[in-house]
Amino acid sequence: MHVIIAPDCFTGTLTATQAAEALAAGWRRRAPDDLLTLVPLSDGGPGFLDVLTANVPGESSIVTTTDPRGRAVPAALHITTDEGGRRTAWVESAQAIGLHLLEVPERDPGVTTTWGLGELLAAALDQGVDRVVVGLGGSATNDAGAGMLAALGAGPREALAGGGAGLIAVREADLAGLAATRERFAGVELVAATDVASPLLGLQGASAVFAAQKGADPEQSQLLEGALGHFVDQVRRVLPAGTDLLSGRERRLDREPGAGAAGGVGYALMLLGARRASGVEMVLDAVGMDGLVAAADLVVTGEGRLDWQSLQGKVVAGVAELAQRHATPAIAVAGQVLIGRRESMALGLSGTYAVAEREEDVERAMADSVGTLRSRTERIAATWSPRR
């Protein structure tokens, strides 16, 4: 039996590679004769660059940037050249602005900034590339990419890089360099590889949906919504988005799918001319997943928390859709499973399995993430690869 093991990271506990190895170790305990192919994945968030550097030949370099609290951190650029000679810089935003870079008491989307991502993009431009692909996800920020824009020259650091809450005080004059910043990317294809399709504002936007997991309480989330809305108003005065050709109305970049990715970095990238692409689809293509799934008997995917967000743009959804296309059974193993049988079947999954089946099991599972994932997978293998 040929089994593809293709998980995302288990956020906060295991990288995608560590998760794949733990799943494989558990499977081998029960079914040692099965052929296992490990394919760690990412949807644009943490691990995006690790997957790409392992599967797409190129040159990687380390640059020094700053984390969401302004401290120096290393980050990587991966430069590839296609058959036509086009040079692409691959960037993982989480390496500069990731939630994992902060201790829990440091997490505050009112003050965390995307300045470091701007430094990373500037380093990519210095490489003289034709395309820049930015993987978005797992951020600690909620500043609509204002800090990133400031680092690229859009306006003063003190006005734009103090975090999401400070954007309530932004004025037109603080964005005087925005048009020139956009010009820096003229002739460069800019791609925002996102794991979500959320707009910037509203009930499905960055502040309402994602600020809480970055440390915000409900009151702060509302304040951030207002601050980002004010920022958008100022941007529209300085850099009109143009007219939608179909409706004849002003194009609202803040309402575009993916604008809310990474706390609004998607919006800022769109201001610079970026187009949105599915992060997981880019990764699946890079690792040749289509051919792997077509030749497999079973696909095992997974992530830390299988919930409603997993249904759209995440690794599990991408893998399940691909497996369904090839009529290959796919199952998901997650730290917690918070969707029902109907949702998982609609996604194309033949089964979902939780490591922590009860709320009281969560702490124990996180304390020994490798051991509990390995043990759970061993039991799952008994169902899907029974001994003869």
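Which residue is the bridge partner of H78 in β5?

Analyst: The bridge partner of H78 in β5 is W90. A word of caution comes before the rest: this is a predicted model. The mean pLDDT of the chain is 92, and 97% of its residues reach 70 or more.

Now the strands around that pair. H78 sits in a pairing between β4, residues 72-81, and β5, residues 87-92. These two strands run antiparallel and share 4 bridges. Both belong to an open sheet of 6 strands. The order across the sheet is β3-β4-β5-β6-β7-β8, and the pairing is mixed. At the edges are β3 (59-66) and β8 (275-278), each of which pairs on one side only. From one strand to the next, the twist averages 25°.

Next, the helices that lie across the sheet. Helix α4, residues 115-125, lies across β3, β4, β5 and β6 (131-135). Its direction makes an angle of about 145° with β3. Helix α11, residues 279-286, lies across β5, β6, β7 (189-194) and β8. Here the angle to β8 is about 60°. Strand β5, the one that holds W90, is therefore listed under both helices, given that contact means heavy atoms within 4.5 Å.

Follow α11 and another helix comes into view. Helix α11 is among the elements that cover the buried residues of α13. The others include α12 (289-294), β9 (298-306), β10 (330-337) and α14 (341-347). Helix α13 spans residues 315-325 and is mostly covered, with 8 of its 11 residues buried. Those buried residues are V315, V316, A317, G318, V319, A320, L322 and A323. Just after α13 comes A327, with a positive phi of about 55°.

One loop residue is also worth a stop. G263 lies in the loop between α9 (218-238) and α10 (265-271). G263 counts as buried because its relative accessible area is 3%, and the cut-off is under 20%. Leaving out residues up to four places away in sequence, G263 touches S139, T141, N142, D143, A144, G145, A206 and K214. T113 is 150 residues from G263 along the chain, yet their C-alpha atoms are separated by 10.0 Å.

Last, confidence by region. It is highest in helix α5, residues 146-151, at a mean of 98. It is lowest in helix α15, residues 362-367, at a mean of 70. Where pLDDT is low, the predicted coordinates should not be read in detail.

Methods: Residues are numbered from 1 along each chain as its sequence is written. This is a predicted model: local features need pLDDT of at least 70, side-chain atom pairs count only at pLDDT 80 or more; totals for chains, interfaces and linings use all residues. Side-chain values use heavy atoms; hydrogens and water are left out. Two strands pair if DSSP finds at least two bridges between them. Axes are lines fitted to C-alpha atoms, for helices over the stretch in contact, and angles run from 0 to 180 degrees between N-to-C directions. Buried means under 20% relative accessible area, exposed over 50%, partly exposed in between (1.4 Å probe, protein chains only). pLDDT is the predictor's confidence in each residue, from 0 to 100.
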